[in-house]
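Have a look at the model first.

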Amino acid sequence: CPKFVECVKSLFGNFKNKYPEAKPEDFWSIYHEHMKEHQFEYRMIEQLLSVRDRLYLRDHCVQLFSYCHDKGIPILIVSAGIANVIQCILERHGLIAPKVFLIANRIYWNTSSSTRDEEEEEHFDGNGFHKKIQIPAKAKIKRFGKLLTSFNKHDTYRYLKSGYFDKHDIMQRKFVLLLGDSKRDPHTMHGIPQDNVHQCICIGFILPHRLKEIDEFLTEYDVVIATKHASLEFVNDVLHALLNGDHVLSESEQKQEAQYP
């Protein structure tokens with residue numbers, strides 16, 4: 001695992017030098033090949049997650065999920081990351097719920113001789129999460145599912161038309177709150193019939209070192225938050241305002257309310 005981590009760091013830092021002929025969108029397929037070449041095992045997911053501050057949730061994320069769950073609002077996570085890793089993070093925080101859906105790069109482990117269609121049904125549920133089947137700790141990667149990168153999120157509707165967008169509950173919803181941290185994340189909405197969406201508010205998060213792209217972000221998003229480790233407090237406030245005409249209580253306000261009911 002340490003060797004793999006070092007390899008990934010090197011790939012992130014020197015991608016253009018190592019692969020001068022590669023296109024930016026080729027990064028993901030090369031990264032996946034590195035995972036297979038380094039004999040990445042199922043147990044290594046937990047090892048990666050055990051390193052402090054390597055992967056974390058934004059502040060107020062749990063609050064957002066909880067509020068959406070209480071109100072019956074579906075959450076669709078579209079990520080160019082690894083689905084199995086994202087699922088582990090959500091499980092640790094108790095954020096997997098009936099109306100939480102995930103599409104990301106899936107790992108299929110070398111545990112059976114099933115066909116691709118059988119694997120899809122055996123390994124993943126209707127929300128895109130890995131089923132609770134016994135996977136040996138040293139199971140290695142058999143293959144990856146459909147490739148999802150920052151450059152092809154416009155394929156989301158095509159990938160999920162029957163599995164998500166055609167669901168009755170989803171079709172009845174006409175308003176979307178889209179969050180992203182890439183200038184291409186709003187492309188996730190491409191392909192969705194205009195009659196299905198009355199209004200979409202896009203909120204973007206940009207890291208300080210990428211501020212040179214701010215004009216492109218402002219073209220794609222309605223609001224851009226340019227703070228390192230920005231929380232989702234603003235998103236919570238927007239959602240509360242849209243639904244209730246109020247705002248979500250901060251931690252200090254919650255303590256004050258509890259102290260003086």
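What follows covers the cores, then the ring pairs, then the charges over rings.

This is a predicted model, where local features need pLDDT of at least 70, side-chain atom pairs count only at pLDDT 80 or more, and totals for chains, interfaces and linings use all residues. Residues are numbered from 1 along each chain as its sequence is written, and side-chain values use heavy atoms, with hydrogens and water left out.

**Nonpolar cores**

- A nonpolar core here is a set of buried Ala, Val, Leu, Ile, Met, Phe, Trp, Tyr and Cys residues joined through side-chain atoms within 4.5 Å; buried means under 20% relative accessible area (1.4 Å probe, protein chains only).
- The largest one has 24 residues, and Phe-65, Ile-77, Leu-90, Val-100, Leu-102 and Phe-205 touch the most other members.
- Another core, of 20 residues, lies apart from it and includes Tyr-31, Ile-89, Ile-107 and Ala-139.

**Ring pairs**

- Rings of Phe, Tyr and Trp (its six-membered ring) pair if their centres lie within 6.5 Å, with planes under 30 degrees apart counted as stacked, over 60 as edge-to-face and the rest as tilted.
- That rule gives nine aromatic pairs.
- Tyr-164 and Phe-165 are edge-to-face, because their ring centres are 5.0 Å apart and their planes sit at 85°.
- Tyr-164 is buried at 7% relative accessible area, and Phe-165 is buried at 10%.
- Phe-217 and Tyr-221 are both buried.
- Phe-27, Trp-28, Tyr-31 and Phe-151 form a cluster linked by ring pairs.

**Charges over rings**

- A charge sits over a ring if NZ of Lys or CZ of Arg is within 6 Å of the ring centre and within 35 degrees of the ring normal.
- Arg-58 lies over the face of Phe-205, 4.5 Å from the ring centre.
- Arg-106 lies over the face of Phe-124, 4.2 Å from the ring centre.

Note on methods: Buried < 20%, exposed > 50% of the residue type's maximum accessible area, 1.4 Å probe, protein only.
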